[in-house]
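Welcome, and please open your viewer. We will go from stop to stop, selecting a few residues each time and looking at what is there.

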Amino acid sequence: MIGDREVGRVGFGTKRLAGSNGQDAQEQAIALLRYAVELGVNHIDTADFYPSYGVSRPRGPSSAGSGPHNDFVSLGWANDVVRRALAPYSDDLVVATKVGPTKAGLARPDQLAELVERDLRSLGRDVLDIVYLRQQGLDSIAEHFGVLAELRDKGLIRQLALSNVRMQHIEEARAIAPVVAVQNRYGVGFGRVNDEVLDFCGKEGMAFVPFFAVTAAGREAGGVSADDTVLAIARDHDATPAQIRIAWTLTRGDHVLAIPGTGNRDHLAENVAAGDIHLSPEQVAVLDALTDQS
Ligand SMILES: NC(=O)c1ccc[n+]([C@@H]2O[C@H](COP(=O)([O-])OP(=O)(O)OC[C@H]3O[C@@H](n4cnc5c(N)ncnc54)[C@H](OP(=O)(O)O)[C@@H]3O)[C@@H](O)[C@H]2O)c1
């Protein structure tokens, strides 16, 4: 469940829709989204600023900090292709979108209504199924979440969710309005930083929606995180490492809903099929231990 909507355990994230398809990217993305629905996907995770990726560039002499600087590059057409591919939407399809990031950094609270309006237009909806507040760097999200709660009260949004948050943010938001899902990074060998949030979601009836479950430490750069242990388990199942990574996240609870991102038709089919892979308790223990050590 994601709030009051029932969805399959494996959904589809639109961040990687551009893939490496060049000029034909949008047409191929439309075909890919329709194929996802044919395969049974009924949970699409999107954002008006997708597809997007990070580009590392060296810091200039005057910039603060050390190491490369990550620029956020947004192609900004994912919602358009979701609408072109799937509208009019079937009743059992859940389209979750997110607001927060802009080219100038995190939106101010007074900018959120305009971003929600933009989502309504680009997705071609009167009411958005689910809107995540995708925060970055805030100690308190109360003001931002309060604005989204008002938009929900006005009937523009059915259900609210949070992304990139810590426990304190979840508690703060739930005092303002119901939160149906939390979307944070989570994957094999990718640390335990979100375990408390994942477990809390399970206890409180919220979905936990992991991102970077396939690419893990690859983060924005994408690809599948390489690991010999994962590869060996994949061989045992005649599966791929990406499938094992997805299957492991699903072992963390029935409330975990995967949203792997891909621009590749074969990978999409593999990812959906990963929902049927049953890891043995021993395999889960090995992958758990790998994650404990990271
Ligand atoms: N809330 C947030 O802050 C946030 C941040 C990031 C992502 N997200 C959401 O979470 C979704 C998932 O995250 P993500 O897309 O960044 O990362 P991901 O799903 O962990 O991994 C995507 C990468 O793995 C590759 N891949 C996927 N399936 C594969 C397979 N079966 N075999 C081989 N390679 C495979 C993709 O390349 P190919 O195209 O070649 O398959 C892509 O490079 C996103 O699409 C987005 O909806 C949310």
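This is a predicted model: local features need pLDDT of at least 70, side-chain atom pairs count only at pLDDT 80 or more; totals for chains, interfaces and linings use all residues.

Residues are numbered from 1 along each chain as its sequence is written.

**Stop 1: strand β5**

Select residues 94-99, which form strand β5. Helices (H or I, at least four residues) and strands (E, at least two) are DSSP runs, numbered from the N terminus. Is β5 buried or exposed? Here 6 of the 6 residues are buried, so the strand is largely enclosed by the rest of the structure. A residue counts as buried if 20 or more other C-beta atoms lie within 10 Å of its own, with C-beta atoms placed from the backbone.

In a regular strand, side chains alternate between the two faces of the sheet. Colour Val-94, Ala-96 and Lys-98 for one side of β5, then Val-95, Thr-97 and Val-99 for the other; all are buried.

Strand β2 (residues 43-45) pairs with β5 in the parallel sense over 3 bridges, and Asp-45 stands opposite Ala-96. Strand β8 (residues 128-134) also runs parallel to β5, joined by 4 bridges; look for Leu-133, the bridge partner of Val-99.

**Stop 2: the nonpolar core**

Next select Ile-130, Ala-161 and Val-182, the residues with the most contacts inside the largest nonpolar core, which has 79 residues. Such a core is a set of buried Ala, Val, Leu, Ile, Met, Phe, Trp, Tyr and Cys residues joined through C-beta atoms within 7 Å.

**Stop 3: around the ligand**

Show the ligand and the 29 residues around it, of which Gly-13, Lys-15, Phe-211, Gly-222 and Gly-261 come nearest. A residue belongs here if its C-beta atom, placed from the backbone, lies within 6 Å of the molecule. Helix α9 (residues 265-273) gives the largest share of this shell, 3 residues.

**Stop 4: Gln-243**

Finally, pick Gln-243 in helix α8. Gln-243 is buried, with 26 other C-beta atoms within 10 Å. Draw a line from its C-alpha atom to that of Ala-285, 42 residues apart along the chain, and the separation is 17 Å.

Conventions: A residue is buried if 20 or more other C-beta atoms lie within 10 Å of its own, exposed if 12 or fewer, and partly exposed in between; C-beta atoms are placed from the backbone. Two strands pair if DSSP finds at least two bridges between them.
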